[in-house]
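Here is a short report on a two-chain model. Keep the coordinates open while reading.

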Amino acid sequence: MSSNSVSGWLGDVAALTRRNILGLRRSPEVVMFSIMQPVLFVLMFNAVYGGAVAIQGGDYTNFLMAGIFAQTMVFSSLISGITMAEDISKGIVDRFRSLPMHPSAILVARSLADLLVGVCSIVGMLITGLIVGWRWNGGLGALLAGIGMLLLFAWALSWLMIALGTFLSGSQATQGAGMLIVMPLSFLSNAFVPIESFRGWLRVFVEWNPVSALVQCVRGLFGNLGTAPVPQVWPLLHPAPATIGYAVIAAALFGAAAQAAFRHRLSR
Amino acid sequence: MSFIDAQELRKIYQTRSGPVRALDGLSLDIEQGQVVALLGPNGAGKTTTVKILTTLARPDGGSARVAGHDVVRDAAAVRRLIGASGQYAAVDEDLTGRENLELVGRLYQLGRREARRRAAELLEQFQLAESADRPVRGLSGGQRRRIDLAGALVVDPPVLFLDEPTTGLDPSARAALWDVIRERVHAGVTLLLTTQYLEEADRLADRIFVIDRGRVLATGTADDLKARVGGLRVEVTVANDDDLPRLSDAVAALTPNDTVVHDRTITAALPDPAGALLRIIRCAQDAGVELHDAGVRRPTLDDAFLALTRREGVA
């Protein structure tokens, strides 16, 4: 790209990101539910597992919060896929593509705008967490670093959902297929129960699940790890580089897949 | 070479029930400044043609050029010259009219201030100023279509593609939209529109391409097409549905070929229309068939269209 077309691309991304945010603001139910859902999860899991799951050297509420944060990031990435599929099926993407703009900006703007939903649900969860007695045992810097990790992960995963939404081009199908991905990803992890609860091959999946690395990393930054020994696998021993690595790989891989699906699907 | 030039376009869509030939060797030649209508029933290939010409779909065979630029190899150059709107390229319902137009302006690479100025100008021109700041979702069908059309005019492109611009509008909204379209035509744009409405093609277009099953069946002015289906028509309408078979048999006996039955109306092209009309009325009288209407009239574009697509259906 020449410098002229780089600034053109940035302009397209800015204009479309603004459009996506306006769209989210005009359908507040999407944002509202994505805030309410984690709030409900905090209250439910805290009530159900609070007495049943023993956390070595800590309490369950503190243990749980990083898990809910991570799970919410995973679930909210669905919005990217669903809105992408809607824009395609409604013909809005075709309108954009008939204009002299950069088609890749449509995808990038989608991934950026939906970060805002992530930020909103993080704020909602922070407040709920503090109300039910969660405390982070680190500085403000560590808290912000944790939030940064969560958003990085959300952004990376939104590329998977954008690829899916582009490939399926229907919001119902995208939601259904997306659930099949986000459910095991968030529940077969250390988000809600200690990793020792898993056995056999499931344990291997959980240990290498990127969500586990994210949870481990955020839990560490929030100072909510407790005293349980860390499983001897690389991603959990080095959760920060592992999370960043997973995110970069996912963004690159699924970003390319989304581009390919977009080009293929829409030139038909 | 023509300003818009399509040669032997082919497009096959794979569906669950097997491949569908959306375009089967369709060719178009449109001069600069012409207004052309693609007329055809649902599934004829109108939208697919427009999607290819606006660079949104790739043909499986054949080639197309807009203002000399190949729509596949030179897609970026084509996009700078065209404005497109219609069914497949929609406006964003969550955004207001103003936001939609500003966004389109930005994506045409206008500066922020210029995009804003142009949006305000178009909203004024299209009498949308009052509803400009309400989300499109809440607007009437006519207002939406005007925003849609305005979106295609943001940079005053020399070539316009409008896909079924008035489908679903009431007659007054349709007439209002026609006025806006005519204004652009006077300004000298080359316009290709698709429509299912013969009246729309008749009113707006210099030239009509009748399309069915992915091919051009006929082309010419509305008058050319009408002339092709012959002279005066005899048209009788029965009062009761039950009487229809009896009378249509009688008419078919007079002319086996060009009889069209639609609802309760029988239309036929006959060598001696006045004499035939008298015979049909007498025939109806003898059989005790009550007539609702009977007369001789000039062929309409409907007749041409029905005759052309019917022949194709038989073949």
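What covers the buried residues of H11(A)? The cover includes helix H5 (104–131), helix H6 (140–168), helix H9 (210–222) and helix H10 (234–237) of chain A.

## Conventions

This is a predicted model: local features need pLDDT of at least 70, side-chain atom pairs count only at pLDDT 80 or more, and totals for chains, interfaces and linings use all residues. Residues are numbered from 1 along each chain as its sequence is written, while chains are lettered from A and ligands numbered from 1 in the order in which they are written.

Helices (H or I, at least four residues) and strands (E, at least two) are DSSP runs, numbered from the N terminus. A residue is buried if 20 or more other C-beta atoms lie within 10 Å of its own, exposed if 12 or fewer, and partly exposed in between; C-beta atoms are placed from the backbone.

## Chain A overall

Chain A has eleven helices and zero strands. Read from the N terminus, its elements run α-α-α-α-α-α-α-α-α-α-α. Along its principal axes the C-alpha trace of chain A spans about 60 × 35 × 35 Å.

Of the 268 residues in chain A, 49% are buried. Two residues are in contact if their C-beta atoms, placed from the backbone, lie within 7 Å. Take the contacts in chain A between residues at least 6 apart in sequence: 82% of them join residues at least 24 apart.

## Helix H11 of chain A

Helix H11 (residues 239–266) of chain A has 28 residues. Its end C-alpha atoms are 39 Å apart, in agreement with the 40 Å that it should span at 1.5 Å a residue. The expected span of a helix is 1.5 Å times one less than its number of residues.

The buried residues of H11(A) include A:Pro239, A:Tyr246, A:Phe254 and A:Phe262. Several alanines of H11(A) are buried too, among them A:Ala242, A:Ala247, A:Ala251, A:Ala258 and A:Ala261.

## Chain B overall

Chain B comes to eleven helices and 14 strands. Its C-alpha trace spans about 75 × 45 × 40 Å along the principal axes. Of the 315 residues of chain B, 45% count as buried. Among contacts in chain B between residues at least 6 apart in sequence, 69% join residues at least 24 apart.

The domain assignment of chain B gives domain 1 (4–226) and domain 2 (231–298). Such bounds come from an automatic or database domain assignment. The C-alpha centres of the two domains of chain B lie 40 Å apart.

## Helix H5 of chain B

Helix H5 (residues 141–152) of chain B has twelve residues. From first C-alpha to last it reaches 17 Å, close to the 16 Å expected at 1.5 Å a residue. H5(B) is mostly covered, with ten of its twelve residues buried. Among them are B:Arg144, B:Arg145, B:Arg146 and B:Asp148. The buried residues of H5(B) pack against E6, H3, helix H4 (112–125), strand E7 (159–163) and helix H6 (171–186) of chain B.

## Loops and a hairpin in chain B

Most residues other than glycine have a negative phi. Phi of B:Ala67 is near 50 degrees, a positive value. B:Ala67 is in the loop between strand E4 (61–66) and strand E5 (69–70) of chain B. B:Ala67 counts as partly exposed because it has 17 C-beta neighbours inside 10 Å. Phi of B:Asp156 is also positive, near 50 degrees. B:Asp156 is in the loop between H5 and E7 of chain B, and with 11 C-beta neighbours inside 10 Å it counts as exposed.

Strand E9 (residues 207–212) and strand E10 (residues 215–220) of chain B run antiparallel, joined by five bridges. Two strands pair if DSSP finds at least two bridges between them. B:Phe209 has B:Thr219 in E10(B) as its bridge partner. E9(B) and E10(B) form a hairpin with two residues between them, and B:Arg213 in the turn has a positive phi of about 50 degrees.

## The contact between the chains

The contact takes 25 residues from chain B and 22 residues from chain A. Helix H2 (75–81), strand E6 (82–86) and helix H3 (97–107) of chain B each supply at least two residues of the side of chain B that touches chain A. H3(B) gives the most to that side, with five residues.
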